[in-house]
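Here are a few friendly notes to read alongside the model. Could you keep the structure open while you go through the points?

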Amino acid sequence: MTTSLRDIPGAAPSRRGNKRDRRAQGRVTPYRPPVLFDPSAGIRFPVRRKRLFGQRRRPDLFLIALIVGSLGVAGYVWNAAHTANAVTAGIEGIDDGALLTAEAAAALDVVISVEKPEHLATAKVTLDGEPLKNKQVEQLDQGYRWRPDPEKPLPDGVHVLQLVVTRTLNGTSVHRAEFTVDGTPPRIAVPPLLPEVPIDAPVTVAGALEEGATLSLDGEPLDVRDGRFEVDFEIPPAIPLRFVATDAAGNSTAAEVIVPVEHPGCRGVHVSAAAWGHDGLREGVMQLVDEGRVDCIELTLKDEGGDVGHFTSVGLANEIGAARNLYDLEAVVDELHAKGIRVVGRLVAFRDPILAEAAWESGDEDWVIQTPDGEPLPNYGGFTNFANEGVRQYNIDIAVEAAEAGIDEVLWDYIRRPEGSLDGMVVPGLQGDIKASIVDFLAETHPLMRELGVHQGASVFGIAASRPDPVGQDIPAMARHADVISPMVYPSLWVSGEYGVKDPKAMPYEIVTKSVEDFQLSIEGSGARVIPWLQHFNLGHVYGPAEIDAQIQAAKDLGIDDWLFWSAAVRYNVESFGPLPVSADE
C-alpha cells in the first residue's frame with residue numbers, strides 16, 4: 001500500500017498539495033485579484049500581480065507617478081530655459097531673396113532688431129560671412145542699423161546679411177537675409193541712325209535685346225521673341241524713337257533711333273510773294289529755271305511783316321487782314337512742278353506784327369512777347385509768343401494748307417526769340433527754357449509734315465552753331481526734328497575776325513567754309529542735312545559772279561551740293577549761276 005506524506009503523522013503538507021483540500025481544512029485563503037475602478041467606464045477589472053524578485057508584489061504606483069512627474073518637471077524646466085534663452089529677431093529694410101540694382105543696394109537702410117536687448121552682448125552682424133565693424137553698423141537700443149559703405153559699393157552677385165547670436169544652452173542662433181545685386185544694365189542693339197529711306201515708304205526698325213529683359217518704345221511695351229524685335233511703320237517716323245530695355249532688377253538701357261529720309265536736294269533762290277506777283281521779277285526767276293541754273297524755288301508763304309501772300313482759307317489770316325492774295329499757291333506749284341522744280345514754302349513763324357497787334361487789341365495779350373512792365377515788346381513792330389498754343393496753331397494751319405496745295409518742303413524762319421537781353425522781355429506761359437520751347441515747336445510740326453509727305457526745314461542764325469543763346473536756337477536739338485537745317489551764313493553779316501577770318505565780307509570762300517563746317521559738326525548724327533543760305537546782295541562789298549561761285553565752291557568742298565541764295569530785292573544776276581549738271585537719270 002502506498003503511503004502519502006499526508007498519512008505520516010507530523011509531516012508538513014506539501015505546498016503543491018491539492019488546493020481544494022487545503023481550502024477544506026480552512027488553511028488556504030482563496031486568491032482574489034485586486035480590482036481597479038475606471039471612473040470613465042464604470043467597469044471593474046482585475047490586475048494580475050507579477051513576480052518581483054521571486055515573489056508576487058503589487059506595482060508601486062507612487063514610484064511610477066514620482067518618476068513621471070519628475071520627467072515632466074524636468075521637461076518643463078528645460079523648455080522654459082530654452083524659451084527664455086531663445087533669440088527672437090527681425091530684419092527690416094530688405095526682403096529675403098530681393099533683387100536690387102546697384103543704386104537700390106547703395107540706398108539700403110537695414111534695421112536688425114532683437115526682442116531681448118541682453119542678447120546683443122553675444123551678437124555680431126556679418127556680411128557675406130565677414131563681421132561688420134563698428135563703423136559699418138550703428139548699434140541701437142535693441143539691435144543694429146546697417147547702411148552700405150558709399151565708398152565701397154556692393155559688387156554684383158549674391159550677398160548674405162546675418163545676425164549671429166551665441167547662446168549658452170542652445171548653441172548659435174542665426175537670422176539672415178539673402179539678396180542679389182545686379183548693377184549691369186541690359187544690352188540692347190539698335191542702329192542709332194538708319195540709312196535714308198523715301199519719305200513716303202514703309203520702314204522696319206529691328207534690333208536685339210538681352211535675354212530676360214523687357215522692351216518699350218515711347219512707353220509702350222513691345223514683343224520680343226528669341227532676343228529679337230521688329231517695329232513696322234507705314235511711313236518713316238518723324239521723331240526720334242526711344243527704346244528702353246529693363247531687366248528683372250530694374251536696370252534700364254535707353255537707345256535712340258533716328259530714321260532719316262531721302263532729300264532730292266535744293267539749288268535755288270528766294271522769291272517773295274510780291275516778287276512772284278511782279279511780272280518782271282518773276283520772269284527773271286523763271287529765266288534761271290528755264291536755263292537749268294536752279295532746280296528749286298523758295299516761295300514765301302508768310303513774310304516778316306506777317307503778310308500771307310497767297311489766297312488762303314485760314315480763317316484767322318483773313319480775320320486779321322493778313323491775307324494779301326498775291327498769287328494762287330496751288331497754281332504756282334503746278335506750274336513749277338511741270339518744269340521739274342521743287343517748291344519750298346518759306347514760312348516766317350514768330351516775327352509777326354500783324355498777328356501781334358490783332359491779338360493785343362482783342363485781349364489775347366499772352367499771344368505777344370512783352371516788356372517787364374506789361375507792354376508789347378516793340379522789336380520788329382511786335383513779336384508773337386512761340387510758347388502760346390494759339391500762335392503755334394495759326395502757323396501750323398498755314399503750313400498744312402500749303403502742304404495740301406502741293407509744296408515739297410516747308411522752311412520755317414524766325415523760329416527763335418527776339419534779339420536782346422532776356423531781362424527786357426517776358427514770355428507769357430513759358431515752361432522751362434526758351435531753346436527747349438523752340439525745339440518743341442519743331443517736334444510738334446514735323447510729324448504733321450511727314451504725314452503729308454513734306455520735308456521740314458529750319459532757317460537759323462549763322463552764329464547759332466557757336467552761340468545759341470542770343471536767339472534761342474539749339475542747333476543739335478533742332479536738327480533732330482528737321483530734315484534740313486539752313487544756316488544764314490551771308491559773308492557781309494560776319495564781324496571781322498569771326499572764325500579767324502580777317503575780313504569775312506571780302507573773303508566769302510573762307511567764312512562760308514568755316515561757318516558751314518561748324519554747322520555740319522553740330523548736326524552730326526541727327527539725320528538732317530545742311531543747305532546753307534548764301535549771299536546774293538551787295539553790303540560792304542560787291543557780290544558778282546566770282547563771289548557767288550566762291551560760296552558755292554566752299555559748300556561743295558565740304559561735300560554739300562545744295563544751296564539757297566538770298567536777295568531781298570529778288571534780283572539775280574543770271575550769269576552768276578552756272579548751268580546745273582545733268583543727272584544720269586535725265
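1. Let me begin with the strand pairing around E6. Strand E6 and strand E13 (residues 171-181) run parallel and are joined by three bridges; strands count as paired if DSSP finds at least two bridges between them. Leu100 has Val181 of E13 opposite it. A word on names: helices (H or I, at least four residues) and strands (E, at least two) are DSSP runs, numbered from the N terminus.

2. Before going on, the ground rules. This is a predicted model, in which local features need pLDDT of at least 70 and side-chain atom pairs count only at pLDDT 80 or more, while totals for chains, interfaces and linings use all residues. Residues are numbered from 1 along each chain as its sequence is written, and side-chain values use heavy atoms, with hydrogens and water left out.

3. Now the sheet that holds this pair. It is open, with five strands in the order E6-E13-E12-E8-E9 and mixed pairing. Strand E6 (98-100) and strand E9 (130-131) are at the edges with a single partner strand each, so one side of each has no neighbour in the sheet.

4. Another open sheet has four strands, ordered E17-E16-E19-E20, and its pairing is antiparallel. Its edges are strand E17 (220-222) and strand E20 (252-257); each has a single partner strand, so one side of each is left without a neighbour in the sheet. From one strand to the next, the twist averages 30°. Strand E19 (residues 241-246) runs antiparallel to E20, with six bridges between them, and Thr246 stands opposite Ser252 in E20.

5. Please also look at strand E27 (residues 455-461). Six of its seven residues are buried, so E27 is largely enclosed by the rest of the structure. Buried here means under 20% relative accessible area, exposed means over 50%, and partly exposed lies in between (1.4 Å probe, protein chains only). Strand E26 (residues 409-413) pairs with E27 in the parallel sense over four bridges, and Leu411 has Gly457 in E27 as its bridge partner.

6. Next, the helix packing. Helix H9 (residues 389-405) packs against helix H10 (residues 434-451) at an angle of about 35°, with the axes 11 Å apart. Axes are lines fitted to C-alpha atoms, for helices over the stretch in contact, and angles run from 0 to 180 degrees between N-to-C directions. On the H9 side, Glu389, Arg392, Ile396, Ala399 and Val400 meet residues of H10 that include Asp440, Phe441 and Leu448; contact means heavy atoms within 4.5 Å. By class, six nonpolar, two polar and four charged residues make up the contact of H9 with H10.

7. The structure holds 14 aromatic pairs. Rings of Phe, Tyr and Trp (its six-membered ring) pair if their centres lie within 6.5 Å; planes under 30 degrees apart count as stacked, over 60 as edge-to-face and the rest as tilted. Phe350 and Phe441 are edge-to-face, at 5.2 Å centre to centre with 65° between the planes. Phe350 sits in the loop between strand E25 (342-348) and helix H8 (353-361), whereas Phe441 belongs to helix H10, so the pair ties together parts that are 91 residues apart in sequence. Phe350 is buried at 0% relative accessible area, and Phe441 is buried at 0% too.

Notes. Nonpolar A, V, L, I, M, F, W, Y, C, P; charged D, E, K, R; others polar.
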